[in-house]
Amino acid sequence: QVQLVESGGGLVQAGGSLRLSCAASGFILDKNIIGWFRQAPGKEREGLSCISSSDGTTYYFDSVEGRFSISVDNAKNTVYLQMNTLKPEDTAVYYCATAVDWTTTQATCTGPEYEFDYWGQGTQVTVSS
């Protein structure tokens with residue numbers, strides 16, 4: 001059974017840091033692009049960052065560039081999102097998802113969400129001011 005499980009969310013003060021994990025089971029994170037997304041209340045889901053498990057190339061959306069860092073540990077079949085200098089507007093449910101690595105990381109990350117075929121259940125991140 002293919003499954004993605006996010007963890008690491010929680011409550012943090014503005015300026016603080018969190019590291020989210022996305023653990024894959026039922027398949028190997030090989031030749032995949034893994035993306036992190038978030039959805040705040042009343043807003044559409046937005047992309048944050050992606051990484052290729054094949055060659056490690058990354059892409060960041062402007063909203064998180066310089067503050068968030070994505071990484072993959074193929075041995076642990078896990079992708080991480082290190083989030084620094086958190087702001088109250090970062091409050092959202094954070095999701096990871098996988099797509100087939102058939103094009104560039106940037107193209108997949110900025111393309112339609114239907115390219116991502118497996119999704120986790122999400123983890124809540126709340127940043128207090």
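Buried residues, meaning those under 20% relative accessible area with a 1.4 Å probe and protein chains only as cover, account for 43% of the 129 residues in the protein. The model is predicted, and local features need pLDDT of at least 70, side-chain atom pairs count only at pLDDT 80 or more, and totals for chains, interfaces and linings use all residues. Residues are numbered from 1 along each chain as its sequence is written, and side-chain values use heavy atoms, with hydrogens and water left out.

The protein exposes about 6400 Å², of which carbon and sulfur atoms supply 48%; the area comes from the Shrake-Rupley method with a 1.4 Å probe. Its side chains include 8 positive and 14 negative ones, and the centres of the two sets are 7 Å apart. Here Lys and Arg count as positive and Asp and Glu as negative, while His and the chain ends are not counted; each charge is placed at NZ of Lys, CZ of Arg, CG of Asp or CD of Glu.

The protein contains 1 helix and 11 strands, where helices (H or I, at least four residues) and strands (E, at least two) are DSSP runs numbered from the N terminus. The order of elements from the N terminus is β-β-β-β-β-β-β-β-β-α-β-β. The radius of gyration, taken over C-alpha atoms, is 14 Å, close to the 14 Å of the globule rule for 129 residues, so the protein is as compact as a globular protein of that length. That rule is 2.2 Å times the number of residues to the power 0.38. Along the principal axes, the C-alpha atoms fill a box of roughly 40 × 25 × 25 Å. Of the contacts (heavy atoms within 4.5 Å) between residues at least 6 apart in sequence, 59% join residues at least 24 apart.

The largest nonpolar core has 26 residues, and Trp36, Phe68, Val79, Leu81, Met83 and Tyr94 touch the most other members. Such a core is a set of buried Ala, Val, Leu, Ile, Met, Phe, Trp, Tyr and Cys residues joined through side-chain atoms within 4.5 Å. Elements giving two or more residues to this core include β4 (32–39), β8 (78–83) and β9 (92–100), while β3 gives the most, with 4 residues. Beyond four places in sequence, Met83 touches Gly16, Ser17, Leu18, Leu20, Arg67, Phe68, Tyr94 and Val125. Another core, of 8 residues, lies apart from the largest one and has Ile33, Cys50, Ala99 and Phe116 among its members.

Thr108 belongs to helix α1 (residues 105–110) and is buried, with a relative accessible area of 4%. Leaving aside neighbours within four places in sequence, Thr108 is in contact with Ile33, Ala99, Thr103 and Phe116.

Methods: Buried means under 20% relative accessible area, exposed over 50%, partly exposed in between (1.4 Å probe, protein chains only).
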